[in-house]
Amino acid sequence: MSIEELVNQNYKYFSESDRAVWAYLSGHRSECADMAIKKMAQKCCVSHSAVMRFAQKLGFHGYAELKLYLKMDEQKAPSHSELTHICTLYQNVMNSMCEKNCDSLFDALDRAGQIYIFGEGMVQASIKKEFKRIFMAAGHMLYDVPSGQEMYNLVPMIRNDDFCILISVSGENRKIVEIARKLQIRGVTLMSITKNRENTLSHLCDFCLYIDHCGDTCPEIHCMEIPIISIIFHGLLTSCYGIIRHMYFYYHLIEGEEK
């Protein structure tokens, strides 16, 4: 799990001091990996104990373990070769599928009254279309919410037992974030799909899925994000959730025949 994922998971528990530490660390990652806690506190204008509490809120025993994690995270950074980077992206997806426990996500999907998906833009439209196909294969009808004013018009109609998927590559789309806030207040279960970095949308959602991205060095392979998202959810949903549902179906079918 990346440092950004840890921050997104725990951001709601952050104090002002924690946010100050993260603001500096996110912009000076390499330096912080070798920085003493005293100097780190000075750079962030907080106390030593504030830096220590920040590390502990992310699940580390102390600042030394946080620094070690930063060094390991830096070593995972891919090269700028396009082919190498593409292969690394797919490998990261496969590793994520093996490591990620989605039981709580599957339970939330199974309990949901209706499932809605939000997103603006051509890339998001392609992702939504793929999701509709994947969910249908897993036995779920997914409602593709049109962009524009219709997104806002639909919000009052969504119930608190529904499930909403919100897509924003940056995680900072103004309309999507605004809708997420409205739905969060209503108690709706939310899942975000964003780039693998700290962002506002992920802070607001109950579940977060991330995609690795090429960044500014390889803009020409930005389109690789779509098949990567497809692999993530096709693997996690149809291979896991779909199998569970089919096992459940056949179990009751066999049980009925035995009676």
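Author: Start with a pair of charged residues. The side chains of Asp 161 and Arg 159 form a salt bridge, with N and O 3.3 Å apart. This is a predicted model, where local features need pLDDT of at least 70 and side-chain atom pairs count only at pLDDT 80 or more, while totals for chains, interfaces and linings use all residues. Residues are numbered from 1 along each chain as its sequence is written, and side-chain values use heavy atoms, with hydrogens and water left out.

Reader: What separates Glu 16 and Arg 19 along helix H2?

Author: About one helical turn, because they are three residues apart in helix H2 (residues 16-27). Helices here are DSSP runs of H or I with at least four residues, strands are runs of E with at least two, and both are numbered from the N terminus.

Reader: Is Glu 16 buried or exposed?

Author: Exposed, at 61% relative accessibility. Buried means under 20% relative accessible area, exposed over 50%, and partly exposed in between (1.4 Å probe, protein chains only). Arg 19 has 30%, so it counts as partly exposed.

Reader: What makes the bridge between Asp 18 and Lys 57 a link between separate parts of the chain?

Author: Their closest N and O atoms are 2.5 Å apart. Asp 18 lies in helix H2 and Lys 57 in helix H5 (residues 48-57), so the pair ties together parts that are 39 residues apart in sequence. Asp 18 is buried, because its relative accessible area is 2%. Lys 57 is partly exposed, because its value is 30%.

Reader: How do you know which strands stand at the edges of the sheet?

Author: Two strands pair if DSSP finds at least two bridges between them. The open sheet has five strands in the order E2-E1-E3-E4-E5, with parallel pairing. E2 (142-144) and E5 (207-211) each have a single partner strand, so one side of each is left without a neighbour in the sheet.

Reader: Why do E1 and E3 count as a pair?

Author: Four bridges join E1 (residues 115-118) to E3 (residues 163-167). The rule asks for at least two, so they pair. Phe 118 stands opposite Leu 166 in E3.

Reader: Which residues does Glu 120 touch?

Author: Glu 120 lies in the loop between E1 and H9. Contact means heavy atoms within 4.5 Å. Leaving out residues up to four places away in sequence, Glu 120 touches Ser 147, Gly 148, Met 151, Asn 173 and Lys 175. Glu 120 and Met 151 are 31 residues apart in sequence, yet 9.9 Å apart in space, C-alpha to C-alpha.

Methods
A salt bridge is a side-chain nitrogen of Lys or Arg within 4 Å of a carboxyl oxygen of Asp or Glu.
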